[in-house]
Amino acid sequence: SLTIGIVGLPNVGKSTLFNALTKNDVLAANYPFATIEPNIGVVGVPDPRLARLAEVFGSQRVLPATVDFVDIAGIVRGASEGEGLGNKFLANIRESDAICQVIRAFHDENVVHVDGKVSPKSDIETIDTELMLADLQTIEKVLPRLQKESRIKKDRQPVVAAIEEAKAILEEGRTLFSAGIAQGTERAEPLRELHLLTVKPFLYVFNVDEDELMDEAFKEEQRALVAPAEAIFLNAKLEADLAELDEEEALELLQTVGQDEPGLATLARVGFDTLGLQTYLTAGPKEARAWTIKKGATAPEAAGVIHTDFQKGFIKAEVISFDDLIEAGSVGEARARGKARMEGKDYVMRDGDVVEFRFNV
Ligand code: GDP
């Protein structure tokens, strides 16, 4: 499955955040026999629709979609030159499908900042610079050979042109993602063979003081720093406390800092979206469940997530939108109202589709 690598300078609250993430580990809660790796936190994507479906179908349990976060050893200045854990660090990022930077914005005299001052802007620059330098190294290693090769093999020219463009962007001090060359897009396609780091989607977690959680002007400033990447604001220590509480107590605590959901819930949702994923829903007496698919997946591809046989033998999908189903109150009533659609193999799944597949075995 796709993973999000958590990176950041030392002492910004990564471990605190990661511990809170693993306390929320849905694998531990729902799959007691799963092997849980120490550096991976599997977090449920909150979806209130599942509880509603469980009511309609009398489902015994609810299974949300999940996002995998990987704790990547601390980055230091010079990582791109193989300093300290540099090489291992870069290899771990290369394996991640998105990069989540944890940025310190909290003030605490007892927690040393590696650069002596709290400055989100300069911390972001430090990390982005290491990633961009690593990409430039990758490019400089292969470019002369590819340029030579493309003089004979004309079909290699688009690749060389794309790499030269990427090099110019990186030399300007911009990540490829922020320049619109994001993994999965057509512009990034010719660069695929290079396994560059800064084409990966970025998201930023600002570990802020509790009063900054409500400071809209401050948050707007940080958002502007990282756009087009998403920014999430949370207090890692608070998240760790929340992870110890039951839902009602957690909501009460959140209200005291003006929030309506834990930062981790926001992080899971935004992370899931950043990975280019969406869900569809199934429900029955056993469980109400969200299944993970790529945005743009067709009905047979969606069926294949449940079982490869469902995809191979796909006949059609009976689809009811969540809103229609809840309004009707039952599948039977939704059918009677003409709200159940039979979709074929070219149907592109939509968010909120409640589905039952018909297939040959
Ligand atoms: P890491 O090096 O990035 O993994 O950082 P840690 O999670 O180990 O945190 C470094 C120190 O900062 C620890 O003493 C934490 O208790 C403290 N810390 C983490 N998050 C916060 C926060 O939101 N506010 C405050 N005041 N301290 C924090």
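Helices (H or I, at least four residues) and strands (E, at least two) are DSSP runs, numbered from the N terminus. Residues are numbered from 1 along each chain as its sequence is written. The structure is a predicted model, in which local features need pLDDT of at least 70 and side-chain atom pairs count only at pLDDT 80 or more, while totals for chains, interfaces and linings use all residues.

**View 1. Confidence of the model.** The mean pLDDT (the predictor's confidence in each residue, from 0 to 100) of the protein is 91. A pLDDT of 70 or more is reached by 92% of the residues. The ipTM is 0.98 and the pTM is 0.89.

**View 2. Residues around the ligand.** The shell holds 15 residues, and Gly13, Lys14, Ser15, Thr16 and Asp108 come nearest to the ligand. Helix 1 (14-23) and helix 8 (236-242) are the elements that give two or more residues to this shell. Helix 1 gives the most, three residues. A residue is near a molecule or strand if its C-beta atom, placed from the backbone, lies within 6 Å of it. By class, five of the shell residues are nonpolar, seven polar and three charged. Here Ala, Val, Leu, Ile, Met, Phe, Trp, Tyr, Cys and Pro count as nonpolar, Asp, Glu, Lys and Arg as charged, and the others, Gly among them, as polar.

**View 3. The largest nonpolar core and isoleucine 6.** This core has 89 residues, of which Ile6, Tyr204 and Val205 touch the most other members. A nonpolar core is a set of buried Ala, Val, Leu, Ile, Met, Phe, Trp, Tyr and Cys residues joined through C-beta atoms within 7 Å. Helix 10 (residues 263-274) supplies the largest share of the core, six residues. Residues up to four places away in sequence aside, isoleucine 6 touches Lys14, Phe18, Phe69, Val70, Asp71, Ile72, Cys100 and Val102. Two residues are in contact if their C-beta atoms, placed from the backbone, lie within 7 Å.

**View 4. Cysteine 100 in strand 5.** Cysteine 100 lies in strand 5 (residues 98-104). Cysteine 100 is buried, because 27 other C-beta atoms lie within 10 Å. A residue is buried if 20 or more other C-beta atoms lie within 10 Å of its own, exposed if 12 or fewer, and partly exposed in between, with C-beta atoms placed from the backbone. Apart from neighbours within four places in sequence, cysteine 100 is in contact with Ile4, Gly5, Ile6, Leu203, Val205 and Gly271. Tyrosine 204 is 104 residues from cysteine 100 in sequence, yet their C-alpha atoms are 5.6 Å apart.

**View 5. The hairpin of strands 8 and 9.** Strand 8 (residues 277-283) is largely enclosed by the rest of the structure, because six of its seven residues are buried. A hairpin of three residues joins strand 8 to strand 9. Strand 9 (residues 287-294) pairs with strand 8 in the antiparallel sense over seven bridges; two strands pair if DSSP finds at least two bridges between them. Tyrosine 280 has tryptophan 291 of strand 9 as its bridge partner.

**View 6. Strand 10 and its two partners.** Seven bridges pair strand 10 (residues 314-321) with strand 12 (residues 353-359) in the antiparallel sense. The bridge partner of isoleucine 320 in strand 12 is valine 354. Strand 11 (residues 341-343) runs antiparallel to strand 10 and is joined to it by three bridges. In strand 11, arginine 341 stands opposite valine 319.

**View 7. Glycine 352 in a loop.** Glycine 352 is placed in the loop between strand 11 and strand 12. With 18 other C-beta atoms within 10 Å, glycine 352 is partly exposed. Beyond four places in sequence, glycine 352 is in contact with Ser321, Phe322 and Asp323.
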